Amino acid sequence: MASLDQIVALAKRRGFVFQSSEVYGGLNGCWDFGPMGVLMLNNLKNAWWEAMVSREDIEGLDAAILMHPRVWEASGHVAHFSDPMIDNRQSKMRYRADTLIEEYIERLRKKGKTDQAERIEQQLAQAETPEDYYAIIVQEQIPDPVSGSTDWTPVRHFNLMFKTYIGPVEDDSSIVYLRPETAQGIYVNFKNVLDTTRQKIPFGIAQIGKAFRNEINTKHFLYRVREFEQMEMQYFVKPGTEMEWFEYWKEQRYQWFLSLGMPESLLRITPHQKLAHYAAAAVDIEFHFPFGWGEIEGIHSRTDYDLRRHQEYSGKKFEYVDTVTRERYIPYVVETSAGATRSFMAFLCAAYDEDEVPSSEGKLEKRVVLRLHPRLAPIKAAVFPLVKKEGMPEVAQSLYRQLKRRFKVFYDESGAIGKRYRRQDEIGTPFCITIDGQTLDDQTVTIRDRDTTQQERIALDAVESFLAAKLEQNIVTQ
Ligand code: GAP
């Protein structure tokens with residue numbers, strides 16, 4: 001697999017992802033999606049949305065980012081959504097205490113000090129309070145990775161929610177939070193959706209939207225950022241059936257990544273070591289990033305924690321009444337929570353490849369190619385006239401206009417044909433269609449396959465149906 005630097009460089013070079021506010025030196029933990037990036041991200045989100053909301057048992061929702069502050073008290077985020085932080089007095093650097101310890105363990109392993117590494121790892125697995133983390137750091141004399149200093153402050157909890165004020169008065173009564181997950185918008189609308197649809201339990205509510213976390217250690221490009229997008233679905237079930245549904249959704253979500261071309265060797269499912277405050281069971285779907293395994297989606301069995309808390313805090317009923325048995329209960333929830341932007345990065349990493357292909361002079365030439373699933377590819381096909389004369393551009397433009405009605409296609413007549421192919425390979429365009437001298441004689445064109453670079457000749461008037469068949473007509477339009 002390519003290095004992260006290669007992925008970041010390609011993402012910038014080809015207009016997938018830019019640093020936020022780059023001209024002002026950038027804003028840490030925030031990224032902008034460029035022309036190719038936004039097409040690919042939308043393709044990814046559409047694929048998820050269709051997989052969810054085309055089902056009869058799932059409804060869609062788009063809740064506001066700003067919500068009543070009581071939502072976050074009820075959900076437990078005000079009290080619990082924090083990281084244990086420690087400051088070094090000498091370097092003035094702030095670290096997540098658990099990450100500081102994990103990275104120290106990693107360094108010990110690299111030096112072959114396995115026993116010490118394992119001992120500290122066991123202590124870390126038991127650590128729960130700020131005092132526990134502090135004790136490990138002091139006892140093991142873990143140094144600041146920047147300055148080497150061991151002059152640490154105590155460990156304190158730092159809440160990850162961004163705060164702002166609603167309305168003209170900036171005081172405690174007007175504090176609102178930028179949502180750290182989309183899930184709560186779904187829970188507080190549970191009754192609204194139930195009352196306005198014909199859904200019966202089990203059923204789900206799906207939502208895609210921005211989430212914000214004031215992460216201390218942003219890292220690895222889009223992996224840990226402060227503003228990101230989530231694709232979450234909450235599935236409401238009868239208490240007692242939640243583990244069946246948990247297993248079901250784990251499999252469904254794993255298969256979804258495979259269906260979009262993710263190689264099985266780069267995916268795995270890992271149970272959570274430590275459960276979040278709301279979870280009774282949880283697994284992560286992990287992807288093998290250039291820096292190692294990392295979560296791209298969590299499947300959580302959340303019991304009735306959230307609905308019960310909202311019932312308690314709002315004073316409104318969150319009960320479900322079974323119309324057949326007349327049973328009343330607060331449903332249990334199985335959540336599928338994927339990062340849209342983190343999955344985008346995973347698909348980009350999985351697709352990145354370098355190989356050698358014959359150039360027009362017959363020599364072998366290095367190329368970078370994104371082997372994206374056609375569903376995710378920003379551009380589905382490119383149309384080229386071989387040269388900018390002899391009537392070729394006119395034929396090519398007419399074909400481009402025809403295809404454009406149905407697919408996201410690109411027209412390019414500038415530069416050598418080899419360069420034009422390379423440009424499309426780098427953005428993952430599955431097919432390139434070239435109009436050449438022979439087209440003018442017999443109305444045929446060449447179609448080049450991105451992955452094999454093989455070209456075949458087909459009739460000009462068969463191009464549209466060829467693409468529709470190859471790309472699966474119903475899924476390639478934007
Ligand atoms: N509603 C449950 C929830 O939010 P989570 O495991 O905290 O669970 C779910 O987040 C997904 O959101 C993660 O698997 C990841 O893909 C994405 N995510 C979370 N924090 C992120 C961050 N700081 N940057 C990018 N993506 C993030």
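How many residues has helix α6, and how far does α6 reach from its first C-alpha to its last? The legends below take up this helix and then a sheet of the predicted model.

**View 1. Span of helix α6 (residues 114-126).** The helix has 13 residues and extends 19 Å from first to last C-alpha. This reach is close to the 18 Å expected at 1.5 Å a residue.

**View 2. Buried and exposed residues of helix α6.** A117, I120 and L124 are the buried residues of α6. Viewed down the helix axis, these buried residues fall within an arc of 70°, so they line one face of α6. An α-helix has 3.6 residues a turn, so residues three or four places apart point the same way. On the other side of α6, the residues D115, Q122, A125 and Q126 are exposed. The cover over the buried residues includes helices α5 (97-110) and α7 (130-139).

**View 3. An open sheet of 5 strands with mixed pairing.** The strand order is β20-β19-β21-β22-β23. Strands β20 (409-411) and β23 (455-459) stand at the edges with a single partner strand each, so one side of each lacks a neighbour in the sheet. On average, neighbouring strands of this sheet are turned by 25° against each other, direction ignored.

**View 4. Pairing of β19 with β21, and the helix packed on the sheet.** Strands β19 (residues 381-385) and β21 (residues 431-435) pair in the parallel sense over 5 bridges. P385 has I435 as its bridge partner in β21. Helix α14 (residues 417-427) packs on the sheet and touches β19, β20, β21, β22 (444-449) and β23. The direction of α14 makes about 170° with that of β19.

Note on methods
Residues are numbered from 1 along each chain as its sequence is written. This is a predicted model: local features need pLDDT of at least 70, side-chain atom pairs count only at pLDDT 80 or more; totals for chains, interfaces and linings use all residues. Side-chain values use heavy atoms; hydrogens and water are left out. Two strands pair if DSSP finds at least two bridges between them. Helices (H or I, at least four residues) and strands (E, at least two) are DSSP runs, numbered from the N terminus. Axes are lines fitted to C-alpha atoms, for helices over the stretch in contact, and angles run from 0 to 180 degrees between N-to-C directions. Contact means heavy atoms within 4.5 Å. The expected span of a helix is 1.5 Å times one less than its number of residues. Buried means under 20% relative accessible area, exposed over 50%, partly exposed in between (1.4 Å probe, protein chains only). The arc is that of the directions from the helix axis to the C-beta atoms.
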